[in-house]
Amino acid sequence: HIPIGTFVINVSGAFLLGIVTGFDISTLLYGLFAEGFLGAYTTFSTFMFEDFVLLQNNRILSAVVYVLATLVLSFLAFYGGFVISSTLTS
């Protein structure tokens, strides 16, 4: 069992962050969207708590898969969003 809700929120947040990062916007707007809205939307603390609970319940494989899948897919989602918005603005 992998906490799918937090997983989807974090990966989609990474995608949206990639989109925001690819646009040439002011520091103020970047802070508002990237750090403000997306910082509130995603939840690293819940991600850590859920992984900790998996480990406490001896679901070691699930915990490892959850961490690796979240990190790898979030990076790919960020990159994909960045490429999309960079392409649109060039």
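**Helix packing and aromatic pairs in a predicted model**

Buried here means under 20% relative accessible area, exposed means over 50%, and partly exposed is in between, with a 1.4 Å probe and protein chains only.

A word on the source. This is a predicted model, in which local features need pLDDT of at least 70 and side-chain atom pairs count only at pLDDT 80 or more, while totals for chains, interfaces and linings use all residues. Residues are numbered from 1 along each chain as its sequence is written, and side-chain values use heavy atoms, with hydrogens and water left out.

Back to Thr6, which has its place in helix H1. Helices are DSSP runs of H or I with at least four residues, strands are runs of E with at least two, and both are numbered from the N terminus. What does Thr6 contact, leaving aside its neighbours within four places in sequence? The list is Thr43, Thr46, Phe47, Glu50 and Tyr66, where contact means heavy atoms within 4.5 Å. Along the chain, Ile19 is 13 residues from Thr6, and their C-alpha atoms are separated by 20 Å.

Next, the helix pairs. Two packed helices are described by the angle between their axes and the distance between the axes. Axes are lines fitted to C-alpha atoms, for helices over the stretch in contact, and angles run from 0 to 180 degrees between N-to-C directions.

The axes of H1, residues 4-22, and H2 come within 10 Å and cross at roughly 175 degrees. H1 and H2 are therefore roughly antiparallel to each other. The cut-offs are under 35 degrees for roughly parallel, over 145 for roughly antiparallel, 65 to 115 for roughly perpendicular, and oblique for the rest. On the H1 side, Ile9, Ser12, Gly13, Leu16, Leu17, Val20 and Thr21 meet Tyr30, Phe33, Ala34, Leu38 and Tyr41 of H2. By class, that contact of H1 with H2 has nine nonpolar, three polar and no charged residues. Ala, Val, Leu, Ile, Met, Phe, Trp, Tyr, Cys and Pro count as nonpolar, Asp, Glu, Lys and Arg as charged, and the others, Gly among them, as polar.

The second pair is H3, residues 44-56, and H4, residues 60-89, with axes that come within 7 Å and cross at roughly 155 degrees. That makes H3 roughly antiparallel to H4. From H3, the contact uses Phe47, Glu50, Asp51, Leu54 and Leu55; from H4, it uses Ile60, Ser62, Ala63, Tyr66, Val67 and Thr70. The contact of H3 with H4 has seven nonpolar, two polar and two charged residues.

Asn58 sits in the loop between H3 and H4. Asn58 is not a glycine, although its phi is positive, about 55 degrees. Its relative accessibility of 64% counts as exposed.

Last, the aromatics. How many aromatic pairs does the structure hold? There are four. Rings of Phe, Tyr and Trp (its six-membered ring) pair if their centres lie within 6.5 Å; planes under 30 degrees apart count as stacked, over 60 as edge-to-face and the rest as tilted. Phe37 and Tyr41 are stacked, 6.1 Å centre to centre with 15 degrees between the planes. Phe78 and Phe82 are also a stacked pair, at 6.4 Å and 10 degrees. Both lie in H4, four residues apart, about one turn of the helix. Phe44, Phe47 and Tyr66 form one aromatic cluster.
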